[in-house]
Amino acid sequence: MRLAAVFALAVLLTAGFARAEDLAAGISRDKIEITSSFSGTDVVVFGAIENEEGEALPATEMRDVVVVIRSDKPYTITVRKKERVGPIWINRDMQRFAGVPGFYFLSSTRPLKDIARADLLSQYELGLDRLAFGPAPGAVGGPKEFRQAIVRHKQTATLYSQHEGGVSFLSGSLFRTTVRLPPNVPAGNLKVQVFVFAGGDVTSTNTMTLYIDKSGIERSLSELALDQPFVYGLLAVVLSALAGLAAYVVFRERG
Amino acid sequence: MEIYLPIAEMPVNIFLIAGLGAAVGFLSGMFGVGGGFILTPFLMFIGIPPPVAVATQSTQIVASSVSGVLTHWRKGNVDIKMGAVLLGGGLTGSLLGIQLFNALKAAGQVDLFIALSYVIFLGSIGGLMFYESLQAVRAGGSNVGGTRREPGGHYWVHGWPLKMRFQRSKLYISAIPPALLGVLIGVLSVVMGVGGGFILVPAMIYLLRMPTAVVVGTSLFQIIFVAAFSTLLHAITNHSVDAILALLLIAGGVIGAQFGVRYGERLRSDWMRLCLAGLILLICLRLAADLVFTPADPFNLLVEGVE
């Protein structure tokens, strides 16, 4: 018993010291412009961990790093499940979810289960199976498979991904990971979070923002579509009618 | 070559989309159908979000219908008077259709209703048309579509009041049947989310007995307004019309429509009806397959948008 108490105290103390650690992190680019030739891009998230004296950590100190990039533009999604009724497949059960992130990327030094306990991972929403979105207001919860269907679909669309082992240490204190932003990444701000773990506990965190914005004609068009929907729709109709007229004229002259 | 779509928020291949537009424009010019029932599923298949696919295809249909209708117009194959009567009925029908659509939505299962009505409608229209045109092709020659006698049709239509002369169609009939037909198409186009050309065309040939050549032009004339209205509605309520995607589809579509009209004129009318029947049956089979075959993933997602 006494031994256990001493051990617990030792853990508490190291944890206390560890909290004084300092994390400096950065992103290779903090603003990405979506132009008409945008086809996805890579950004690098990097950082250094220093001890309480402001020195680089020696290689003997093992730290785990988890990098999460997520879009906080939340979506409401209805999931329906098809079932066979007689000869045909029809939608039977459905569930509505709110607060589903449009983009989620996770990279870590090791498998998440080796880094920290499940409840701590859930607290910080670390891992595709620990995202905190839930039933939409007024909707009731149900089987887990509906939730999993969302994650699966988003993974297929390359919007969600998880890379255990994607963060590498260049020395005892310097780490980096490459993030692939797919071409269909939602425009808007992405939240970049870096978590440092030691002994199964979070010792320091850092949060940054990555701005993704449409530029040029892409931007003008989506702004017009949102701000002046009637004008935008009318323009679309008039221009397509004119295009039809132009094709007729060109072809008539050719015979 | 890829280009980024501002509303769909994803890149697409320019040539793939323009080619798709051309193929659908060709069908449109040839048969007088809009082609949304082919375009929408294909756009969704390549990853365009469904609301954007549905809204943007209607913009392309405006362009290819204008392109096709002008060519038909020059040849005297558009019956504006008939088109206007159909359109009047169509607008009334779409107002009724919205009520029906909301009622179905409240009862759940709107998807199933839509899929089943497609299969039943397309299957029966396509099947009857296929049978009739095959007979005509075999008989070799009856070049004037609609002069054949079908059970029903001929006599009761002629007894109705409010007779109007439709010169282009060489018809002197009551305005009530075409107006009612317009109402039906309007209801269907709202509930099923399509322009309704593939139902209107056979109905004009078999029920109203209009000459096939005039049917195609008149149907395109009517479709312009339906598609323009639907583009505006989508732009205002969902902000889901993607101008760049529309532009690519239109570039192919307006040219495809020109070729479609030319090619359609060279086809004998019984052959043309046979081809259209074949097309309708193919679409019906595809939809029936979706209902019957085990889906790759029983779960389907509907993104309702950003909160």
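Visitor: How many residues does helix α10 of chain B have, and how far does it reach from its first C-alpha to its last?

Guide: In this predicted model, α10 (residues 243–266) of chain B has 24 residues and reaches 34 Å, close to the 34 Å expected at 1.5 Å a residue, where the expected span is 1.5 Å times one less than the number of residues. Helices (H or I, at least four residues) and strands (E, at least two) are DSSP runs, numbered from the N terminus. Residues are numbered from 1 along each chain as its sequence is written, chains are lettered from A in the order in which they are written, and local features need pLDDT of at least 70, side-chain atom pairs pLDDT 80 or more, while totals for chains, interfaces and linings use all residues.

Visitor: Where is the kink in α10(B) centred?

Guide: The kink, of about 30 degrees, is centred on Ile250(B), the bend being the angle between axes fitted to the seven residues ending at a residue and the seven starting there.

Visitor: Switching to chain A, in what order do the four strands of the open sheet come?

Guide: The order is β1-β3-β11-β10, with antiparallel pairing; two strands pair if DSSP finds at least two bridges between them. β1 (22–27) and β10 (168–169) stand at the edges with a single partner strand each, so one side of each is left without a neighbour in the sheet.

Visitor: And how many bridges join β1(A) and β3(A)?

Guide: Six bridges join β1(A) to β3 (residues 41–50), and Ala25(A) stands opposite Gly47(A) in β3(A).
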